[in-house]
Amino acid sequence: MLKMLGGFVLTAALAWPSLVLAQATTRPCSAIEIAGPACLLAHSQLPSLPAGKVYWHLDRFSSKSDAERAAISTSVVVEAFSSVWLFTITKSGWHARGGKHVSTVGPLPIAPAATYATEYIRSVFEPGTTAPLHVHSGPEAFFAVEGDTCLETPQGIRIGRGTGNQMMIEAGPPMLLMAIGRIPRKGFALILHDASQPPTTLTQAWKPRGLCARQLSADQGR
């Protein structure tokens, strides 16, 4: 079956219970948070990064104004999953003023660039839903507010379980992200990339071995 979704062709393959194709790095999020394609929460330009290793800090605030007061030059403020979030790219020892620290993801495997950009993505995937096959021009980091995560690349799979599970992948390899387990996966992703390069490129140059789909079947007792 073929469908058009977000300007791309959607092909439902037998190996994947549900395949969602959309260019998440260009399609803005709406206020409605239902299961479906990933979407872009925020984009920012970063003329420079701190020297040394950098991390993605996630902090939750009671109000947007409080989060904005705590923001620095490499921060963005977003609203998602019934909370106000402050996302910040900086050193590991940094702490936001106020709010509740949720997680620190990193260090991010960045490559030298003249300028950087970030794409922050929100997704709600039912178990079995997967993003399209794609590559990134910079590292991608994932944080699950709830639910289980499976990431398949040519090197195999990585699995994250439960609230707060996180993972990272460097620029370059093709990947397939799938929600596994028994409940919807609600999560964020960060793409930190060379601002002169597109953040995401769809690809058909690699065929997954169905490792995440097998894990999903095991989770659901099939």
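Strand E12 and strand E17 (residues 185-194) run antiparallel, joined by six bridges. In this pairing, Ala141 stands opposite Leu190 in E17. The model is a predicted one, and confidence is taken up below.

E12 also pairs with strand E15 (residues 166-169). This pairing is antiparallel too, and it spans four bridges. Here Glu140 stands opposite Ile169 in E15.

How many residues of strand E12 are buried? Six of the seven residues in E12 (residues 140-146) are buried, so the strand is largely enclosed by the rest of the structure.

Now turn to helix H2, which covers residues 211-219. Its buried residues are Leu211, Cys212, Ala213, Leu216 and Asp219. What do the buried residues of H2 pack against? They pack against three strands: E13 (148-153), E14 (156-160) and E16 (176-180). After the helix comes Gly221. The phi of Gly221 is positive, near 75°.

Next comes confidence. Over the chain, pLDDT averages 86, and 88% of the residues score at least 70. Across residues 1-23, pLDDT stays under 50. The model still has 51 contacts beyond four places in sequence for residues 1-23. Where pLDDT is low, the predicted coordinates should not be read in detail.

Definitions and conventions. Residues numbered from 1 in each chain as written. Predicted model: local features only at pLDDT ≥ 70, side-chain atom pairs only at ≥ 80, totals over all residues. Heavy atoms only, no water. Buried < 20%, exposed > 50% of the residue type's maximum accessible area, 1.4 Å probe, protein only. Helix = DSSP H or I, 4+ residues; strand = E, 2+ residues; numbered from the N terminus. Contact = heavy atoms within 4.5 Å. pLDDT = per-residue confidence, 0-100. Pairing = 2+ DSSP bridges.
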